[in-house]
Amino acid sequence: MAQPRTHVVGGLRALRTAIVSPSPAPPAGERALPLTFLDAQWISAHPVERVFFYRLGPGGDDVDAVLSRLVESLARVLHAFYPLAGRVRLTPGETNRYELFYQPGDGVAFTVAEHDGVGVGVDELADTDEPREVAKIATFVPELPNGGAVLALQATVLPPDRRGLALGVTVHHSACDGVSSTHFLHTWAAACAGDRVLPEPPVIDRTIIRDRNDMYDAFASPASEAKHAFDSPDVAGKLLATFTLSRQQLQNVKDAVAGEAARRGVAPPRCTSLVATLGLTWLCFHRAGPDGEEGHRGDGRAHLVFPVDHRSRLEPRVPEKYLGNCIGPGFATAQYRKELATTTIADGLFAACAAVAAGVDEAVRGEPAYWERWVERITEACTADMSLSVAGSTRFGVYDVDFGFGRPAKVDVVSVAKTDAMSVAEDRSGSGGIEVGIALSPARMERFRRWLADAIAWLSSSSQFPLQLARVDLQK
């Protein structure tokens, strides 16, 4: 049932919000899916906010027909993904256990909006990777309705001539991880596009995950510091930018790390393209320093926390299409001054990539110590100075989410500005690179860009001279 609403914020006018229910309704009636410990870690986390920018071709359907197809196909797809139409609530009779509860009549809020076009036409939004004000882009993602909703959607019609569309997707992480949420998006897109064969349906069975009461209790405890890990809700003044690392640039990172390992006479770390991306970005993030100064406030350890999919690693093995959370953290730590701040590019890059590779290896092995210290290490990382986390994955295929009017021209993870995170995705050109999204204050963004440019220039040079990354005069 449509709920008429006209609301204007920063040039964006919300026209209406409809509650889209699964159609046909799921046969199960009421159903409560208990959250596992892998879900519980996200109970108090900020929702994941992603926006897809599309161009609607001049010869394509009228935008109103596009919006109608989006809603109709959403209802059909929610039949299989019905938990996303439900809400997270305390399990009745419990004080620290939660469930994802669905009952007939529940649905997903779908908002239709339009923008007046001042500085936010689809061309300005999709054709640049340059820093943009987070506050302007944030209007394209909806807030979750009160009451524990886990999914909200917003389609904003953009100029020129109503031939642009911004599709905002907000998902509460306690309901599912990025593997599951992008599975939903690919299925919805295929249904909207009229594909004859849709992706496999989700596996809805939380009993697959063997629970760990000790970790669940730690995450659900009101006193848990880990519940608010990497929470940085103030986006005032922040800029969001995208940096694309090409396949060749990533190979240069790998070669530099291997060369430094040979110089040291040690075995090289397993430096994949993702490890190279995280290592280089993490190094430049710390080089950019905190707001108001260059350098680090303390002399402690630097932390990077990144997601690792455990579907293929748990016993019993979790199906690829499992709907829920099945990711755990990978931890990379390095001594800030000794390994990152006052070293050459070669030394800093080696330390950063070696730490990330070690974190990947530890999470993949999944030995008892990894699980036993999980909560402690998240708490340590999120309370440390200038920690960084990672959102997204190059495996999500966000640039293949085609609703029948073409691939997205640009995809942004807006919520990185609120969670002190960087995002990663596949290079939208399809050339094998990796896109990185990061939100920083204007001064810090400028320093980050210069550090990254210096590092890339050094990596591409044939001599790879030992350029010092101690200090530069940023006023020049």
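How many of the 9 residues of strand 12 are buried? In this predicted model, the answer is 7, and strand 12 (residues 301-309) is mostly covered. Buried means under 20% relative accessible area, exposed means over 50%, and partly exposed lies in between (1.4 Å probe, protein chains only).

**Notes for every view.** Residues are numbered from 1 along each chain as its sequence is written. Because the model is predicted, local features need pLDDT of at least 70 and side-chain atom pairs count only at pLDDT 80 or more, while totals for chains, interfaces and linings use all residues; side-chain values use heavy atoms, with hydrogens and water left out.

**View 1. The whole protein has 13 helices and 17 strands.** Helices (H or I, at least four residues) and strands (E, at least two) are DSSP runs, numbered from the N terminus. Of the 476 residues in the protein, 55% are buried. The protein exposes about 19,800 Å², and carbon and sulfur atoms supply 51% of that area. Accessible areas come from the Shrake-Rupley method with a 1.4 Å probe; for residues, only the protein chains shown count as cover. Among contacts (heavy atoms within 4.5 Å) between residues at least 6 apart in sequence, 78% join residues at least 24 apart.

**View 2. Strand 12 pairs with strand 13 and is joined to strand 14.** Two strands pair if DSSP finds at least two bridges between them. Strand 12 and strand 13 (residues 327-335) are antiparallel, with 9 bridges. In this pair, alanine 302 stands opposite alanine 334.

**View 3. The largest nonpolar core has 129 residues.** A nonpolar core is a set of buried Ala, Val, Leu, Ile, Met, Phe, Trp, Tyr and Cys residues joined through side-chain atoms within 4.5 Å. Phe184, Trp188, Trp282 and Phe403 have the most contacts inside the largest core. Helix 10 (residues 345-365) gives the most to this core, with 11 residues. A second, separate core has 23 residues, including Phe53, Leu125, Phe140 and Val141.

**View 4. Tryptophan 282 and its contacts.** Leaving aside neighbours within four places in sequence, tryptophan 282 touches Ala302, His303, Leu304, Ala332, Thr333, Ala334, Ala352, Ala355, Val356 and Leu388.

**View 5. Glutamine 251 lies in helix 7 (residues 247-264).** Glutamine 251 is partly exposed because its relative accessible area is 32%. Glutamine 251 and threonine 272 are 21 residues apart in sequence, with 9.0 Å from C-alpha to C-alpha.
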